[in-house]
Amino acid sequence: MSCDVGLYGLAVMGQNFALNMASKGFKVCVGNRSPAKVELTVNRAKDEGSLPLVGSSDAEDFVKQLSKPRKVIILVMAGKPVDETIAKLSKFMETGDVIVDGGNEWFHNTLRRSKDLESKGIHFVGMGISGGEEGARNGPSLMPGGPKAAYDLIEPIITKCAAQVNDGPCTGYLGPVGAGNYVKMIHNGIEYGDMQLIGEVYDIMKNVLKLSNEEMANIFEEWNKGELESYLIEITSKILNKKDDVTNEGYVVDYVLDKTGMKGTGRWTIQEAAERSVAAPTMAASLDARYISARKDERVKASSILKGPEMTSAEIPVHKGQLIDDLKSALYAAKVCSYAQGLGIIKSCSDDMKWNINLSECARLWKGGCIIRAALLQKIQDALARDKNLPNLILDPAIAGEINERTAAWRRVAVVAIGYGVSTPSLTGSLNYFDSYRRASLPANLTQAQRDFFGGHTYERTDRDGVFHTAWTDAHKSIGDISERKAGEI
C-alpha cells in the first residue's frame with residue numbers, strides 16, 4: 001500500500017508512536033536498522049487490531065512505500081545517529097518531502113540540519129514529543145517547529161495523534177525550525193524542577209514529619225484532586241504505594257538507589273538560561289541536586305564526618321497538620337515560579353531569534369499528554385493570553401495574588417527545612433527568585449561598586465543619568481574614556 005507517513009527508529013517510543021498513527025487511520029510504513037524491530041512492530045500492529053502498518057527491508061524500500069510529498073518521522077538517539085539516519089534516507093527523497101526529527105535534540109543541531117537539507121529542497125521539522133511510552137501510544141504533547149509549508153503537510157496527522165484536551169489537540173505550530181526543539185528542551189527543564197520540588201516535599205514529610213509511605217501516598221492522592229492536580233503528583237502517589245514484589249517486604253521506592261540519572265536536556269536548559277541572562281534558580285538547583293546525588297560514595301563518607309543541626313522540636317516546633325498544609329502551599333507557589341523561569345527563557349530566545357513563539361500556546365499544548373501536564377497550566381495559559389507582553393508570569397494579577405497568599409506558608413517550610421537540615425534547593429530557590437524579583441532595590445549596588453573598585457567597570461547612579469567611575473582610594477588613577485569600560489558587557 002502507498003503509505004501516508006513513515007516512521008524510522010523503532011525503540012519503544014518509535015513503535016508506540018507508529019501504532020498511534022496507525023490507530024488513527026493513517027497508513028504507516030516503519031523502518032529500523034535491525035529487521036527484528038520492524039518485524040516486532042508489524043506483529044504488534046496485527047495483534048492490536050490489524051492496524052494499517054507495514055514494514056520495510058531497507059532505507060530505499062522504506063522511502064519508496066511513502067506517498068508524495070513524503071512525510072518521514074525519525075525517532076533515533078540524538079546526535080550522530082540522527083545525522084546518519086538523515087543521510088541514509090534523504091538520498092532517496094525529493095524536493096518538497098518532509099523529515100521530522102521527533103527526538104530530544106539540541107536546537108543548534110536542528111538549525112544546522114535544516115540548512116544542510118535546503119540544497120535538496122527537503123523540509124526539516126524539529127518536533128519535541130513528551131508523554132513517555134504511554135503518551136506516544138495514546139496521545140502525547142507534540143511541539144513542532146519548522147517551515148510553515150512543512151507543518152501544513154504534517155498537521156492532519158499530528159493533530160489526530162496528539163493528546164486531546166478541552167480546547168483542542170496538544171500540538172500546534174510553534175514557529176520556525178528550532179522553535180519546537182527549544183520549547184521541548186525548556187519543557188524538560190521545567191520537568192526537572194517539578195520533580196525536584198516534589199522530592200523535597202517528600203523528604204520533609206519523611207524525615208521531619210516521619211510519615212509512612214502510605215500516609216504520604218494518601219496526601220499526594222488528595223492533593224491531586226485540587227490545585228496541584230498533575231501527572232507527576234498522580235504518579236508520586238502510585239510510586240509511594242507500590243509494595244516491593246522482589247523481597248515481598250516494604251515498598252519499592254525504599255529500595256531504589258538515591259542516584260538520579262539524566263539525558264542532558266536539563267543541562268541544556270541551564271546553559272540556555274545563562275546564554276540568555278535569564279535567572280532559573282529552581283531548575284538550576286534541580287540539576288545540581290542530580291549531580292550531588294550521583295556522588296553516592298562521597299555522600300556516604302561525608303555522612304560520618306559532616307554534622308547536621310541538632311535542633312529539638314522545642315526550638316523549631318512542628319505541627320503535623322499545619323506543616324502538611326504549608327507544604328502544599330509552598331509546592332504550588334514554587335511550581336508557578338519554576339514555570340515563570342522556563343517561559344522567560346523561551347521568551348528571551350524567541351525575541352533574539354525572531355521566532356514569535358506564543359507562550360500561551362506553549363502552556364495550552366502542555367495541558368495534556370506530556371510529563372508536566374497540570375491543572376495549573378490552564379491558569380498560566382489564561383494569564384499569558386490576557387497580556388501577550390507580560391514581562392513575567394508572576395506579574396499577572398491573578399497569579400500574583402495566589403503566590404502572595406502562600407508566601408507565609410512557603411517561608412515556614414523553608415525555616416523548618418533549614419532548621420532540621422533537610423536540603424530544599426529548589427523550594428528555596430523559587431522563594432529566593434520571588435524575593436529578589438519583588439524588590440525594587442537589591443544589594444547589587446554594592447556588587448557593582450566592588451567591580452568599579454577593582455576593575456574600573458564603572459556604574460550608573462540613582463540620582464542622575466550617565467556612567468561614572470570613582471577613585472575609591474589614593475591608589476586609584478584615572479581610567480580614561482569611561483565609555484570604553486562598558487565594552488564587553490553582556
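Predicted model: local features only at pLDDT ≥ 70, side-chain atom pairs only at ≥ 80, totals over all residues.
How many residues does helix H1 have, and how far does helix H1 reach from its first C-alpha to its last? Helix H1, which covers residues 12-23, has twelve residues and reaches 16 Å between those two atoms, close to the 16 Å expected at 1.5 Å a residue. A search of the whole structure finds three cavities of 30 Å³ or more, and the largest nonpolar core has 83 residues.

**Helices**

- Helix H1 is mostly covered, since nine of its twelve residues are buried; the buried residues are Gly14, Gln15, Asn16, Phe17, Ala18, Leu19, Asn20, Met21 and Ala22.
- Just after H1 comes Gly25, which takes a positive phi of about 95°.
- Helix H8, made up of residues 179-207, has 29 residues and reaches 42 Å from its first C-alpha to its last, close to the 42 Å expected at 1.5 Å a residue, and 24 of those 29 residues are buried, so that H8 is mostly covered.
- Helix H14 has 34 residues and should therefore span 50 Å at 1.5 Å a residue, and this agrees with the model, in which its end C-alpha atoms are 49 Å apart.
- H14 is mostly covered as well, with 24 of its 34 residues buried, and H14 is followed by Lys354, whose phi is positive, near 60°.

**Nonpolar cores**

- Within the largest nonpolar core, the residues that touch the most other members are Trp223, Tyr339, Ile346, Trp366 and Leu393, and the largest share of this core, 16 residues, comes from H14.
- Apart from this core lies another one, of 32 residues, which includes Ala45, Val98, Val125 and Cys161.
- Trp366, when residues up to four places away in sequence are not counted, touches Ser141, Met143, Val183, His187, Ile190, Tyr339, Leu343, Ile346, Ile372, Arg373 and Leu377.
- Ile324 has its place in helix H14, and Ile324 counts as buried because its relative accessible area is 13%, which lies under the 20% cut-off.
- Leaving aside neighbours within four places in sequence, Ile324 is in contact with Leu209, Leu211, Ile219 and Trp223.
- Ile324 and Val201 are 123 residues apart along the chain, and their C-alpha atoms are separated by 9.2 Å.

**Cavities**

- The largest cavity holds about 60 Å³ of space, and its lining is formed by Ala340, Leu343, Gly344, Lys347, Leu359, Leu384, Leu390, Pro391, Asn392 and Leu393.
- Helix H14, residues 320-353, gives the most to this lining, with four residues, and the lining as a whole divides into seven nonpolar residues, two polar residues and one charged residue.
- The second largest cavity has a volume of about 40 Å³, and the residues that line it are Val5, Lys71, Val72, Ile73, Val100, Met127, Ile154, Ile157 and Ile158.
- To the lining of the second largest cavity, strand E4 (71-74) and helix H7 (148-161) each supply at least two residues, while the lining divides into eight nonpolar residues, no polar ones and one charged residue.

**Backbone details**

- As background for the points that follow, most residues other than glycine have a negative phi, and most peptide bonds are trans.
- The peptide bond from Lys68 to Pro69 is cis, with omega near -10°, and Pro69 is placed in the loop between helix H3 (59-64) and strand E4.
- Asn356, although it is not a glycine, has a positive phi of about 60°, and Asn356 is found in the loop between H14 and helix H15 (359-365).
- Is Asn356 buried or exposed? Asn356 counts as exposed because its relative accessibility is 70%, and the cut-off for exposed residues is over 50%.
- Thr458 is also a residue other than glycine, and its phi has a positive value, near 70°; the place of Thr458 is in the segment after helix H19 (444-455).
- Thr458 counts as buried because its relative accessibility is 0%, which is under the 20% cut-off.

How values were computed:
Residues numbered from 1 in each chain as written. Heavy atoms only, no water. 1 Å grid on protein atoms, 1.4 Å probe; cavity = no way out; pocket = protein on both sides within 12 Å on 5 of 7 lines; lining within 4 Å. Points joined across faces, edges and corners; volume = space filled by probe spheres on them. Nonpolar A, V, L, I, M, F, W, Y, C, P; charged D, E, K, R; others polar. Expected span 1.5 Å × (residues − 1). Buried < 20%, exposed > 50% of the residue type's maximum accessible area, 1.4 Å probe, protein only. Core = buried A, V, L, I, M, F, W, Y, C linked by side-chain atoms within 4.5 Å. Contact = heavy atoms within 4.5 Å.
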